Amino acid sequence: MNPQAPDYPRLNFPPIRLRARQRGDTVEIWDALRGIYLVLTPEEWVRQHLIAYLVTTCGVQAKRIAEEYAVALNGQPQRADVVVAGDCGEPLLLAECKAPEVPITDRTLAQAVRYNSVLCARWIVLTNGLKHYCWEYTEGRYEQCSDFPNLAANP
C-alpha cells in the first residue's frame, strides 16, 4: 500500500525515511522508539525528524531517547515531547516540538523552562522543524547556544 502522505513542508533537518500506512483517511507512521504506529500530524513530522537528527548528527543512542516524557508540574501531569537521558538516566536534553506553522516564541521557551524546573536537563531545544533554538543551563541560568550540543561527548 502506498499511503497518501500529507503535504508537509521540507524541514531544516536532513531528509528521513518513514514507514507509513493508510488507515481510512489517516496516515500513520511507525515510531521505532515506541514500537507503535502513530497518526502523522505536523508536530509528529517535526518530532520524528528531530529524533533522527539527534541520533545521526548529535551522537545520541536511540535507547536514551524518551518521547512524551511525563513531567509532574504543580500536581498536573504534563508531557515533554522528547527527553534524552544521560548515563545514569538523568535528563540531559529536553526538546519541545511544534508544528512547522507554529512560531517558536517566548511562550514556547517558558513552557520548556517550566518543564525543566522539574527535570533539570542541561540543554533545552525548541523546534518547529524550520527554526531550531538551543539553550544550555549552567550556573543557574540559561544561555543560548549557536548549535545543537554534541551529546556523544556529553553522556
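Trainee: Let's start with Gln111. Which residues does Gln111 touch, not counting residues up to four places away in sequence?

Mentor: A contact here means heavy atoms within 4.5 Å. With residues up to four places away in sequence set aside, Gln111 touches Glu96 and Lys98. Before we go on, a word on the source: this is a predicted model, where local features need pLDDT of at least 70, side-chain atom pairs count only at pLDDT 80 or more, and totals for chains, interfaces and linings use all residues. Residues are numbered from 1 along each chain as its sequence is written, and side-chain values use heavy atoms, with hydrogens and water left out.

Trainee: Which polar contacts does the side chain of Gln111 make?

Mentor: A polar contact is a pair of N or O atoms within 3.5 Å; within protein, one must be able to donate a hydrogen and the other to accept it, and residues adjacent in sequence count only if both atoms are side-chain atoms. The side chain of Gln111 has such a contact with the side chain of Glu96 at 3.4 Å, and another with the side chain of Lys98 at 3.1 Å.

Trainee: Is Gln111 buried or exposed?

Mentor: Buried means under 20% relative accessible area, exposed over 50%, and partly exposed in between, using a 1.4 Å probe and protein chains only. Gln111 has a relative accessible area of 16%, so it is buried. Its place is in helix 2. Helices (H or I, at least four residues) and strands (E, at least two) are DSSP runs, numbered from the N terminus.

Trainee: How many helices and strands does the protein chain have?

Mentor: There are two helices and nine strands, and from the N terminus on they run β-β-β-α-β-β-β-α-β-β-β. The radius of gyration is 16 Å, close to the 15 Å that the globule rule gives for 155 residues, so the chain is as compact as a globular protein of that length. That radius is taken over C-alpha atoms, and the rule is 2.2 Å times the number of residues to the power 0.38. Of the 155 residues, 41% count as buried.

Trainee: In what order do the six strands of the open sheet stand?

Mentor: Strands of a sheet pair through backbone hydrogen bonds, either parallel or antiparallel. Two strands count as paired if DSSP finds at least two bridges between them. Here the order is 4-5-6-7-8-9, with mixed pairing. Strand 4 and strand 9 stand at the edges with a single partner strand each, so one side of each has no neighbour in the sheet. Neighbouring strands of this sheet are turned by 35° against each other on average, direction ignored.

Trainee: Where do the helices lie?

Mentor: Axes are lines fitted to C-alpha atoms, for helices over the stretch in contact, and angles run from 0 to 180 degrees between N-to-C directions. Helix 1 (residues 42-56) lies across strand 4, strand 5, strand 6 and strand 7, at about 115° to strand 4. Helix 2 (residues 106-119) packs on the sheet and touches strand 4, strand 5, strand 6, strand 7, strand 8 and strand 9; its direction makes about 80° with that of strand 4.

Trainee: How many bridges join strand 4 to strand 5?

Mentor: Eight bridges join these antiparallel strands. Ala66 stands opposite Val83, and Glu67 has Val82 as its bridge partner.

Trainee: What is the phi of Asn74?

Mentor: Most residues other than glycine have a negative phi, and most peptide bonds are trans. Asn74 has a positive phi of about 55° although it is not a glycine. This residue is in the loop between strand 4 (65-73) and strand 5 (76-85), and is exposed at 75% relative accessible area. Glu139 also has a positive phi, of about 50°. Glu139 sits in the loop between strand 8 (132-138) and strand 9 (141-145), and at 80% relative accessibility Glu139 counts as exposed.

Trainee: Is Thr127 buried or exposed?

Mentor: Thr127, in strand 7 (residues 123-127), counts as buried at 0% relative accessibility. Its side chain has a polar contact of 2.6 Å with the side chain of His132.
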